Amino acid sequence: MTKRILLYGTLTLGAFVAVFPYLLVVLTALKTQGQLNSTEPWVPGLPPTTANLTKLLGGEFPHYLLNTVVMTTLLTLGQLVFTTFAAYAFARLRFRGREVLFWLYVATMMVPSAVTMIPLFLIMRELHLVNTWYGLLAPYVLGTPYGIFLMRQFFRGLPAGLEEAARIDGAGPLKILTRILLPLCRPAIGTLTIITVISSWNSFLWPLIITSGDDTKVMTVALATLNSGIGVDYNLMMAGGLIALVPMIAIFIFFQKYIVRSVVLTGLK
């Protein structure tokens, strides 16, 4: 009984520590400037106000939010298509150097993304793609090592007899992939979709480097610019943070089983 109490007490404390920053975002976003200066950060402002949200949504922020939605949608669709084809090739098609090429590609996950930012920017500059949608999407729309590894592991776990039977019936690789294997890969596709949406929605460093105008500015960069002047409006920043958090929290609540399942799928042989 004592061990169970200690266990639940530890879990409760850990959950509180994890949730507390998000609670501060909500409380600060619903305070006036006067309430923020006169109360502790963890004390709610009474009465709560939505003026910060109204002010933010009444400016350019909805445009940046739309840019983020467009970027996330295009990156997700691109990664799903190209990642699936690449993973199928690495898992099922036989060609010289397949294993070496795959593990070399997966090894790039060991390289911090910040290391590749300058070379990527120089490439985009030479191609005249700086501050364009093409430059914003190009480095990541064709798939990621993690996504290809995830889908490959799932493809390898499917029975080989399904493909053999389809080949006997005259089906080619493309038909086998689209008609037989993909319907069986819905759990892996769902997992990859959620992970890609979350990572794209929270992307900051590359959009900050490659974009400079309002036409391509995304929400994370717009939030960062609120902290670049004198006299930072923390209420406004937290209101923007709250708007950015709500969709991701909703996705996590409704699709957390797919996120957890990704850990299992990457362990399949």
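Trainee: Which residue follows α7, and what is its phi like?
Mentor: Gly 143 follows α7. Its phi is positive, near 115°. Keep in mind that this is a predicted model.

Trainee: Okay, back to α7 itself. Which of its residues are buried?
Mentor: Gly 135, Leu 136, Leu 137 and Val 141 are buried in α7.

Trainee: And what covers them?
Mentor: The cover over the buried residues of α7 includes α4, α6 and α12.

Trainee: New topic, pockets. What volume does the largest pocket have?
Mentor: About 790 Å³.

Trainee: How many residues line the largest pocket, and which lie nearest its centre?
Mentor: The lining has 29 residues. Ser 113, Pro 139, Tyr 140, Thr 144 and Pro 145 lie nearest the centre.

Trainee: Which helices supply at least two residues of that lining?
Mentor: There are several: α4 (61–92), α6 (113–126), α7 (133–141), α8 (145–156), α11 (186–201) and α12 (205–210). So α7 turns up again here, as one of the suppliers to the largest pocket.

Trainee: Where does the largest share of that lining come from?
Mentor: From α11, with five residues.

Trainee: How do the lining residues divide into nonpolar, polar and charged?
Mentor: The largest pocket has 18 nonpolar and 11 polar residues in its lining. No charged residue is among them.

Trainee: What about the second largest pocket, what's its volume?
Mentor: The second largest pocket has about 300 Å³. Its lining takes two or more residues from each of α1 (2–29), α11, α13 (219–225) and α14 (234–265).

Trainee: How many residues line the second largest pocket, and which lie nearest its centre?
Mentor: It is lined by 15 residues. Nearest the centre are Tyr 22, Asn 202, Ala 244, Leu 245 and Met 248.

Trainee: How does that lining divide?
Mentor: Into 12 nonpolar and three polar residues, with no charged ones.

Trainee: Is Gln 153 buried or exposed, and why?
Mentor: Gln 153 counts as buried because its relative accessible area is 7%, and the cut-off for buried is under 20%.

Trainee: What does its side chain make a polar contact with?
Mentor: The side chain of Gln 153 has a polar contact with the side chain of Arg 152, at 3.1 Å.

Key. Residues are numbered from 1 along each chain as its sequence is written. This is a predicted model: local features need pLDDT of at least 70, side-chain atom pairs count only at pLDDT 80 or more; totals for chains, interfaces and linings use all residues. Side-chain values use heavy atoms; hydrogens and water are left out. On a 1 Å grid over the protein atoms alone, a cavity is a set of points where a 1.4 Å probe fits but cannot get out, and a pocket is an open set with protein on both sides within 12 Å along at least five of seven lines; lining residues have an atom within 4 Å of a point. Grid points are joined across faces, edges and corners, and a volume is the space filled by probe spheres set on the points. Helices (H or I, at least four residues) and strands (E, at least two) are DSSP runs, numbered from the N terminus. Ala, Val, Leu, Ile, Met, Phe, Trp, Tyr, Cys and Pro count as nonpolar, Asp, Glu, Lys and Arg as charged, and the others, Gly among them, as polar. Buried means under 20% relative accessible area, exposed over 50%, partly exposed in between (1.4 Å probe, protein chains only). A polar contact is a pair of N or O atoms within 3.5 Å; within protein, one must be able to donate a hydrogen and the other to accept it, and residues adjacent in sequence count only if both atoms are side-chain atoms. Contact means heavy atoms within 4.5 Å.
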